[in-house]
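Okay, thanks for coming, everyone. Let me put the structure up on the screen and walk you through a few parts of it.

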Amino acid sequence: MMEVSSVPLTDLRRGPRPAPGAPPDGEGSVQVQLDPGVRIGNAKVFAVYGKGGIGKSTTSSNLSVAFSKIGKRVLQIGCDPKHDSTFTLTKRLVPTVIDALEKVEFHSEELQLDDFVYEGYNGVMCVEAGGPPAGTGCGGYVVGQTVKLLKEHRLLDDTDVVIFDVLGDVVCGGFAAPLQHAERALIVTANDFDSIFAMNRIVQAIGAKSKNYRVRLGGVIANRSDATDQIDKFNERTGLRTMARIPSLDAIRRSRLKKCTLFELDPEPEVEAVQTEYLKLAATLWAGVDPMPAVALKDREIFDLLGFD
């Protein structure tokens with residue numbers, strides 16, 4: 001992978017070049033291979049995917065806090081040009097890695113950790129990777145350079161858990177890049193056709209990445225879902241499992257409006273119940289979950305499977 005120092009903006013927008021002689025990264029993929037020198041290390045790494053607007057950032061931020069509540073040192077990395085993954089943790093839209101690099105004309109050796117890493121609620125460390133201008137480059141390259149910077153500054157040496165919060169349901173080579181670093185991929189879904197259709201595509205992407213990287217499916221988080229009958233149908237057919245269920249609560253909407261996590265709201269039974277669900281999920285993930293050899297469905301099969309009989 002290219003060195004980030006002295007990289008012209010035009011090269012950053014083009015994105016990475018495939019490594020010479022690199023093996024295929026899943027059938028039909030042209031995604032650049034992971035530089036073996038830029039691995040995260042000993043931290044447990046989770047990548048959170050799901051349909052756009054399904055609540056991945058809310059889920060990721062509350063899961064990050066839950067890990068911190070059980071005593072873990074946590075880093076959350078937002079992988080979306082919108083760079084709002086961590087705003088409930090930091091109470092603001094923090095500058096992105098791309099913002100920081102542009103200020104020093106892409107001479108990364110001039111950056112300090114506090115130029116792109118911000119402390120959020122309960123000590124969760126927050127990074128927003130950002131992205132190249134629309135239509136001009138590869139988001140996967142930005143993710144790769146973010147991890148490289150974190151490693152160069154040795155932040156990852158003191159981290160127990162890394163959570164990648166990934167843009168929408170985009171599963172192109174670029175935004176599948178966090179899967180090259182993750183140990184387990186988590187899919188956030190609601191109990192509806194569109195969310196489950198996106199989940200199926202993500203299962204396909206993870207299957208492709210698992211051919212060359214250690215990432216495996218960890219499980220499903222049912223979000224904004226009082227019922228889970230459609231999710232249950234899909235899980236039974238594909239081999240997935242639901243690890244946590246987050247109901248549709250007005251408290252979750254209020255937490256976003258207040259720019260805070262659920263763990264900062266005034267105590268009330270429904271809020272405490274969701275906090276407990278996140279704490280259980282964090283404890284389960286920390287203890288380790290077996291990978292799921294799920295098999296994605298054909299598009300036609302999903303249409304036939306879901307819905308009322």
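**A strand in the middle**

So, let's start with strand S1 (residues 44-50), which pairs with S6 in the parallel sense over 5 bridges. Pairing here means that DSSP finds at least two bridges between two strands, and strands (E, at least two residues) and helices (H or I, at least four) are DSSP runs numbered from the N terminus. Before I go on: this is a predicted model, where local features need pLDDT of at least 70, side-chain atom pairs count only at pLDDT 80 or more, and totals for chains, interfaces and linings use all residues. Residues are numbered from 1 along each chain as its sequence is written, and side-chain values use heavy atoms, with hydrogens and water left out.

Back to S6. Phe 46 stands opposite its Arg 184. S6 also runs parallel to strand S7 (residues 216-223), joined by 6 bridges, and there Arg 184 has Arg 216 as its bridge partner. To get from S6 to S7 the chain goes through H6, and that β-α-β crossover is right-handed, meaning that with the strands pointing away from the viewer, the path from the first strand over the helix to the second runs clockwise.

Is S6 buried or exposed? All buried: 6 of the 6 residues in S6 (residues 184-189) are, so the strand is largely enclosed by the rest of the structure. Buried means under 20% relative accessible area, exposed over 50%, and partly exposed in between (1.4 Å probe, protein chains only). Both faces are covered, with Arg 184, Leu 186 and Val 188 on one side and Ala 185, Ile 187 and Thr 189 on the other.

**Over to the helix**

Now H6, residues 193-209, where we find Asn 200. Asn 200 is buried, at 0% relative accessible area. A polar atom of its side chain lies 2.8 Å from the backbone nitrogen of Leu 297. Leaving aside neighbours within four places in sequence, Asn 200 is in contact (heavy atoms within 4.5 Å) with Phe 234, Ala 296, Leu 297 and Ile 302.

**The cores**

The largest nonpolar core has 49 residues, and Leu 150, Phe 164 and Leu 240 have the most contacts inside it. H6 gives the largest share of this core, 5 residues. By nonpolar core I mean buried Ala, Val, Leu, Ile, Met, Phe, Trp, Tyr and Cys residues joined through side-chain atoms within 4.5 Å. There's a second, separate core of 34 residues, including Cys 260 and Tyr 278.

How values were computed
A polar contact is a pair of N or O atoms within 3.5 Å; within protein, one must be able to donate a hydrogen and the other to accept it, and residues adjacent in sequence count only if both atoms are side-chain atoms.
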